[in-house]
Amino acid sequence: MFRFLNRKKLLLLVSFVLVTGLIFTGCGKTSPNQTAQEEGEQSDSTHAKIPVYTIADSTGDWGYPTPYSHYQRGPGYIRMSFIFDTLVWKDDKGFIPALAKKWEYIEGENAYYFELDEKARWHDGQKFTARDVAFTFDYTREHPYAWVDTTKIDRVEIIDDYKVKIYLKEKYAPFLNNVAGTLPIMPEHIWKQVEKPEEFKGPEAVIGTGPYKLVDYNKEQGTYLYEANPDYHLGSPRVEKLKFVKVGSEMATATLERGEVNFAQIPPELKDEVANKELSVIKTQYDWALKLLFNHQKEPFSAKEFRQALAYAIDREQLVKTTKRGYALAGKPGLLSPDSEWYNPNAKRYDYNPEKVKEILNGLGYELKNGYFVKNGQDLTVELLISPDYERDGQFIKQQLENAGIKVNLKSLEAKTLDSMVQDWKFDLALSGHGGLGGDAEILNKVTIGKGVTSIRYTENKVLTRLLKEQVAFMNPDERKAKVEKIQEIYAEELPCLTLYYPDWYYGYDGKIQLFNTKKGIGFGVPLPLNKWAFVR
């Protein structure tokens with residue numbers, strides 16, 4: 001049973017559709033050669049209030065934007081983040097205040113001290129206090145939130161209404177980025193009686209302290225409408241209404257150029273055309289990777305030698321040239337990209353080598369007959385799951401593996417169905433990707449031994465598992481980096497999955513607000529230039 005006290009009516013239930021025609025005409029544009037950093041020098045006109053800002057998204061629905069109902073990938077987190085604040089946040093330079101205005105690490109106590117912002121209010125008008133912070137940590141320990149592991153917290157001490165001290169069970173270097181900067185703080189007066197958070201939806205479920213309130217969500221159309229929170233404690237947002245609308249990727253550039261949307265992902269080959277139309281263009285870092293997942297829970301994929309043979313069979317450089325037209329960086333088997341401050345260039349490489357494939361598979365008892373490998377009278381045949389967005393990649397990999405003597409059955413599934421199949425271990429091979437590679441090195445833990453939708457859940461190598469757990473406890477950056485470099489070397493040797501490439505992602509927008517790449521990504525590392533702070537400052 002839910003109980004709600006003294007709350008103003010927050011949401012007007014309205015519906016909305018994407019309005020065609022010219023919503024915005026060009027203003028505050030950048031030159032074709034202007035970088036994201038140079039946009040800070042735009043004229044003062046960019047600081048005027050903006051009535052409506054429309055963001056195009058080819059997927060559309062990313063779930064109801066509560067901490068427990070948003071789809072557990074980056075775009076879902078971003079939609080939730082406009083409503084719910086964290087203790088700290090990040091801009092393009094690093095950490096900035098959010099619900100906490102000051103913080104410090106007390107080494108002797110292994111605790112973080114936070115002074116909270118007294119001006120913060122929940123959207124229903126009730127005061128935000130330290131009780132809400134303590135409640136959120138307790139609640140997410142009882143009801144795990146996929147993005148943040150709060151079991152590392154020993155206790156939260158409430159000093160007074162606006163001061164808290166968070167004690168850790170052990171040293172934990174990523175705390176500010178992956179906990180304080182990622183965990184959405186929830187109102188105790190609403191959530192304390194919610195026993196099934198994944199099922200809790202409706203107006204009360206989206207009451208936060210953030211800069212925006214949810215006005216409408218249409219799952220079928222994949223649309224979201226937010227209105228600015230005029231009483232936001234960090235200042236009234238510049239964008240008064242924010243829309244997310246579903247626009248197919250093939251139409252995104254045209255709708256942007258016609259002024260029907262303010263922001264859209266654009267094909268890399270059209271970046272100069274978009275810039276020449278006096279629109280701004282921003283390129284993200286190589287913080288997202290497409291990977292070839294192996295079902296290491298069953299033979300023959302449970303043998304690292306077999307996984308290595310598949311890696312030698314795929315020419316990743318040619319994959320980039322063929323399917324991405326050169327607009328990507330070939331993947332590194334240690335997972336992290338050269339953009340990362342944690343990157344180890346000395347991890348095993350697996351350059352394309354068909355002869356090495358034959359050598360390894362012969363050693364595993366396979367024999368090449370009529371162009372295909374055979375063992376115990378059966379052809380070596382695998383099934384590769386792909387989503388429609390990676391059709392060309394799937395076809396390329398199928399051709400490469402079959403050229404090497406491995407038969408491939410290609411099966412296309414909707415992306416969420418593919419995720420579900422992978423989670424249930426109902427696959428041989430699958431193409432799947434994720435971001436977060438530019439954030440803290442704990443991303444290696446999340447996607448290797450974690451339980452989330454992006455994790456390969458590989459714990460067979462005990463040394464790798466131990467090092468992953470140990471590295472987060474090193475507070476000295478140099479000592480920690482040495483551990484992370486060793487992890488990449490073992491990861492590349494074990495090869496629980498193969499990083500195929502890091503794509504070049506370009507986004508076009510009209511320059512009315514100054515978008516930026518968040519340092520180490522939004523939350524624990526989402527590599528999208530849709531930081532809510534850009535819509536406020």
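**Aromatic pairs**

In this predicted model, a search of the whole structure finds 31 aromatic pairs. A pair of aromatic rings is described by the distance of the centres and the angle of the planes. Trp288 and Trp505 provide one example: their ring centres lie 5.1 Å apart and their planes stand at 40 degrees, so the pair is tilted. This pair links distant parts of the chain, since 217 residues separate its two members. Trp288 belongs to the loop between strand E12 (280-283) and strand E13 (289-294), while Trp505 belongs to the loop between strand E21 (497-503) and strand E22 (506-509).

A second example is the pair of Trp425 and Phe427, which is stacked, with 6.3 Å from centre to centre and 15 degrees between the planes.

| Residue | Relative accessibility | Class |
|---|---|---|
| Trp288 | 13% | buried |
| Trp505 | 16% | buried |
| Trp425 | 25% | partly exposed |
| Phe427 | 2% | buried |

The class follows from the percentage: Trp505, at 16%, counts as buried because the limit for that class is under 20%. Trp425, at 25%, counts as partly exposed.

Aromatic residues also gather in a cluster, whose members include Tyr53, Tyr64, Phe82, Tyr212 and Phe535.

**Charges over rings**

Two lysines are placed over aromatic rings. The charged end of Lys375 sits over the ring of Tyr366, at 5.0 Å from the ring centre. Lys446 lies over the face of Phe524, and here the distance to the ring centre is 4.8 Å.

**An open sheet**

Strand E16 (residues 372-375) is joined to strand E15 by 3 bridges, and the two run antiparallel. One of the contacts concerns Glu367, whose bridge partner in E16 is Val374. These strands belong to an open sheet of 3 strands with antiparallel pairing, in the order E15-E16-E17. Strand E15 (367-369) and strand E17 (378-379) stand at the edges; each has a single partner strand, so one side of each is left without a neighbour in the sheet.

Rolling a probe the size of a water molecule over the atoms shows where empty space is left.

Conventions:
Residues numbered from 1 in each chain as written. Predicted model: local features only at pLDDT ≥ 70, side-chain atom pairs only at ≥ 80, totals over all residues. Heavy atoms only, no water. Phe/Tyr/Trp six-rings, centres within 6.5 Å; stacked < 30°, edge-to-face > 60°. Helix = DSSP H or I, 4+ residues; strand = E, 2+ residues; numbered from the N terminus. Buried < 20%, exposed > 50% of the residue type's maximum accessible area, 1.4 Å probe, protein only. Lys NZ or Arg CZ within 6 Å of the ring centre and 35° of its normal. Pairing = 2+ DSSP bridges.
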